[in-house]
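Here is a short briefing for a first look. Please keep the sequence and the 3D view open as you read.

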Amino acid sequence: THTHTRTHTQMISWNIAHIARLVAAQEGARTIIFTGSFMHDNIVSQRKFAAAFRYWSAGDSQALFMKHEGYVGALGAPRDVLASTL
């Protein structure tokens with residue numbers, strides 16, 4: 001029950017971190033700003049995610065978590081639309 005919940009949280013966090021690291025490496029990014037609601041106010045997931053991200057990047061990259069992730073995500077959407085129309 002509690003152990004299963006913790007294990008599932010860890011598994012999901014590691015999977016998200018691994019995919020994020022692969023995309024970051026492909027794009028040449030060393031810092032990832034995570035804005036997903038899965039991590040919102042979830043300190044355990046943030047720690048697991050950050051540790052996994054450091055592990056897969058051999059300490060070369062870092063994951064950051066925004067306090068107001070909805071606001072940052074809302075800023076990114078118009079930026080992408082404007083960039084595609086120029």
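Arg30 is exposed, with a relative accessible area of 52%. The model is predicted. Arg30 takes part in a salt bridge with Asp60. The points below start with that pair, then turn to helix H2.

**Salt bridge**
- A search of the whole structure finds one salt bridge.
- The side chains of Arg30 and Asp60 form it, at 3.2 Å from N to O.
- Arg30 sits in the loop between helix H1 (2-27) and strand S1 (31-34). Asp60 sits in the loop between helix H2 (43-56) and strand S2 (62-65). The pair therefore ties together parts that are 30 residues apart in sequence.
- Asp60 is partly exposed, and its relative accessible area is 39%. Arg30, at 52%, counts as exposed because the cut-off is over 50%.

- Tyr55 is exposed, with a relative accessible area of 65%.

- Is Gln46 buried or exposed? Gln46 counts as buried, with 18% relative accessibility. The reason is the cut-off: buried means under 20%.
- Which residues does Gln46 contact, leaving aside neighbours within four places in sequence? They are Met39, Asp41 and Phe65.

How values were computed: Residues numbered from 1 in each chain as written. Predicted model: local features only at pLDDT ≥ 70, side-chain atom pairs only at ≥ 80, totals over all residues. Heavy atoms only, no water. Salt bridge = Lys/Arg side-chain N within 4 Å of Asp/Glu carboxyl O. Helix = DSSP H or I, 4+ residues; strand = E, 2+ residues; numbered from the N terminus. Buried < 20%, exposed > 50% of the residue type's maximum accessible area, 1.4 Å probe, protein only. Contact = heavy atoms within 4.5 Å.
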